[in-house]
Amino acid sequence: MRAIDRGSLVTPAGGWSRPQVIDQPATATATATLAIPLDGLTITAPQPEMLSQKNVEAVTGIPARVFLDTIRAPGFPLPVTKLGKLRLVQREAFVSHLQALATAPASRGDAEADEHTRVAAVLASAGLEPVLRARTGRAGAPPDGARRGRLPPK
């Protein structure tokens, strides 16, 4: 019997029958064809370096409109490259910016309190003080005791 480590097995064309051992040098390589169903493969492309309104939803899950509103907002800290109507931002920088926003959320109450403090400071610098009024709940509600104007009947 021949040593199998020095040879390779060859299967005749047409199916599996008795393999034959052929003497080859020890550095020989074997090749094989493997059939894998397409639903068994997952091909993943690398993440893009730049985000635009065309690929931002696929990469981050953020709709294109929200992306555009975010990068157009005053005080957006990242550089935006404009190519025609396309707006490009570095992916890693944008994701880290979103993470920074998520870790330090500014509550609405804090923002309103800050605004009242700033308004009071401006009024105080002018020698004035704020006058507090109770909210009526409606933007167009007339002040107490006021009547709505009506046209005289014809």
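Patches here are made of residues with over 30% relative accessible area and no salt bridge, where like charges are joined within 9 Å and nonpolar side chains (Val, Leu, Ile, Met, Phe, Trp, Tyr) within 5 Å. A salt bridge is a side-chain nitrogen of Lys or Arg within 4 Å of a carboxyl oxygen of Asp or Glu. Accessible areas come from the Shrake-Rupley method with a 1.4 Å probe, and for residues only the protein chains shown count as cover.

This is a predicted model, in which local features need pLDDT of at least 70 and side-chain atom pairs count only at pLDDT 80 or more, while totals for chains, interfaces and linings use all residues. Residues are numbered from 1 along each chain as its sequence is written, and side-chain values use heavy atoms, leaving out hydrogens and water.

**View 1. A nonpolar patch on the surface.** Leu 34, Ile 36, Leu 38, Leu 41 and Ile 43 make a nonpolar surface patch of about 620 Å². Look for Ile 43 in the loop between strand S2 (20-23) and S3. Ile 43 is exposed, with a relative accessible area of 79%; exposed means over 50%, buried under 20%, and partly exposed in between (1.4 Å probe, protein chains only).

**View 2. The whole chain, for orientation.** The protein has 4 helices and 5 strands, and from the N terminus on they follow the order β-β-β-α-α-β-β-α-α. Helices (H or I, at least four residues) and strands (E, at least two) are DSSP runs, numbered from the N terminus. Of the 154 residues, 11% count as buried. The protein exposes about 13,800 Å², with carbon and sulfur atoms supplying 57% of it.

**View 3. An open sheet of 3 strands.** Here the strand order is S3-S5-S4, with antiparallel pairing. S3 and S4 are the edge strands, as each pairs on one side only. Two strands pair if DSSP finds at least two bridges between them. S3 is joined to S5 by 2 bridges, and Met 50 has Gln 90 in S5 as its bridge partner. Strand S4 (residues 81-83) is joined to S5 by 3 bridges, with Leu 83 standing opposite Leu 86. Where does the chain take a positive phi in the hairpin of S4 and S5? Gly 84 does so, near 65°, in a hairpin with 2 residues between the strands.

**View 4. The buried side of helix H2.** Which residues of H2 (residues 64-72) are buried? They are Phe 67, Leu 68 and Ile 71. These residues cover an arc of only 95° around the axis, so they lie on the same side of H2; the arc is that of the directions from the helix axis to the C-beta atoms. Their cover includes strand S3 (50-51), helix H1 (56-60), strand S5 (86-90) and helix H3 (91-103).

**View 5. Pro 63, between two helices.** Pro 63 sits in the loop between H1 and H2 and is partly exposed, with a relative accessible area of 38%. Not counting residues up to four places away in sequence, Pro 63 touches Val 56 and Glu 57, where contact means heavy atoms within 4.5 Å. The C-alpha atoms of Pro 63 and Gln 53 are separated by 8.0 Å, and these residues are 10 apart along the chain.

View 6. Leaving aside residues up to four places away in sequence, Arg 91 touches Gln 47, Pro 48, Glu 49, Met 50, Leu 51 and Val 59.
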